[in-house]
Amino acid sequence: MSLVDTAPPDVAPPGAEPVRHRGALGRLVRSELTLVLGRRRNVVLLVGLALVPLLLGLVLFLAQDSGLAGQGPPFVARVTGNGLFLVVASLFLCTPFLLPLTIGIASGDAIAGEASTGTLRYLLVVPVGRGRLLAVKALGALVFAAAAVLAIALVGLLTGAILFGVGDLTLLSGTTVPLADGILRVAGVVAYVGLSMTGLVAVGLFFSTLTEVPVGAMAATVVVAVVSSVLDTLPQLAAIHPALLTHHWFDFAEMLRVVPSADVLAQGLAVQAGWVAVFGALAWARFTTADVTS
């Protein structure tokens, strides 16, 4: 990106009215969330993700009396016994590619999309500073990531309840817990998956500050997730596996054990926090010092 330094500083100059800055920031946040959640492309992406549990549920419902019943990847075979597992199975299927692809599109477009349409320089005139503008863009990408995970979870819960019913949840060990406990555990799965996407959002935001071509930032973000997944399969690189972006994505299975391991869950979230810190800092350093003319 090439930029004219027209952005106001993060610290208000002497005599400026703090209330005005807070008002401008509030309007910018509302505008960003409206843009992110109302953009036709993003709505289509959310609908596409929501169709995954619906289609999966229908396929399993139609196949439950056939010879294919009980077959399939982990969690999927359990869906017909309890509709709560449709939420887990749908997230299990979407986490390797569909969720990263969707989130990569939204986060990679955050800054680069504004630059490509020539609106970024106008945003920089808003008296909130570049750092705060970047934070608003990050918030928009995080809200979209949360909406993507929730779209899968809510449609999965509704579809599972209608097609298979919900009841006491049988954990991976075979222990059965009451329905209320089962719902809390599935909610924990949803929350963990959502938090596991924060590192990818930070990566996308960083790439978005490097270019005026949104497709390039989107592709680079998805490639990072794909490369991380590939490296995670190589035993020769076992030493770096715990630090990879995608290594802990499926640790949500801990929520379905009798006593979830707090250490395992904390380690996965700590890795995401590290990726957020590193790539968030890189995005801030790039965006606050770049010259923007578009």
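Glu-32, Glu-114 and Lys-137 are linked in a network of salt bridges. A salt bridge here is a side-chain nitrogen of Lys or Arg within 4 Å of a carboxyl oxygen of Asp or Glu. The model is predicted: local features need pLDDT of at least 70, side-chain atom pairs count only at pLDDT 80 or more, and totals for chains, interfaces and linings use all residues. Residues are numbered from 1 along each chain as its sequence is written, and side-chain values use heavy atoms, with hydrogens and water left out.

Lys-137 meets Glu-32 at 2.9 Å, N to O. Lys-137 lies in helix H7 and Glu-32 in helix H1, so this contact ties together parts 105 residues apart in sequence. Helices (H or I, at least four residues) and strands (E, at least two) are DSSP runs, numbered from the N terminus. Lys-137 also meets Glu-114, at 2.6 Å, N to O.

Glu-32 is buried at 8%, and Glu-114 is buried at 11%. Buried means under 20% relative accessible area, exposed over 50%, and partly exposed in between (1.4 Å probe, protein chains only).

The salt-bridge count comes to six. Another of them joins Asp-109 and Arg-41, at 3.3 Å, N to O. Asp-109 sits in the loop between helix H4 (98-108) and H5, Arg-41 in helix H2, and the two are 68 residues apart. Asp-109 is buried, with 8% relative accessibility. Arg-41 is partly exposed, at 31%.

Now turn to the largest pocket. Its volume is about 160 Å³. Of its 15 lining residues, the closest to the centre are Glu-32, Leu-35, Arg-39, Asp-109 and Ala-110. Helix H1 (18-38), helix H2 (40-63), helix H5 (112-117) and helix H7 (130-163) each give two or more residues to the lining. On a 1 Å grid over the protein atoms alone, a pocket is an open set of points where a 1.4 Å probe fits, with protein on both sides within 12 Å along at least five of seven lines; lining residues have an atom within 4 Å of a point. Points are joined across faces, edges and corners, and the volume is the space filled by probe spheres set on them.

The lining divides into five nonpolar, four polar and six charged residues. Ala, Val, Leu, Ile, Met, Phe, Trp, Tyr, Cys and Pro count as nonpolar, Asp, Glu, Lys and Arg as charged, and the others, Gly among them, as polar.

The surface has a nonpolar patch. Val-43, Val-47, Leu-51, Leu-54, Leu-55 and Leu-58 form it, with about 450 Å² of accessible area together. Val-43 belongs to helix H2 and is partly exposed, at 35% relative accessibility. Patch residues have over 30% relative accessible area and no salt bridge, and nonpolar side chains are joined within 5 Å. Areas come from the Shrake-Rupley method with a 1.4 Å probe.

Finally, step back to the whole chain. It holds 11 helices and two strands. From the N terminus on, the elements run α-α-α-α-α-α-α-β-β-α-α-α-α. Of its 294 residues, 46% count as buried.

Technical notes:
Patches are made of residues with over 30% relative accessible area and no salt bridge: like charges are joined within 9 Å, nonpolar side chains (Val, Leu, Ile, Met, Phe, Trp, Tyr) within 5 Å.
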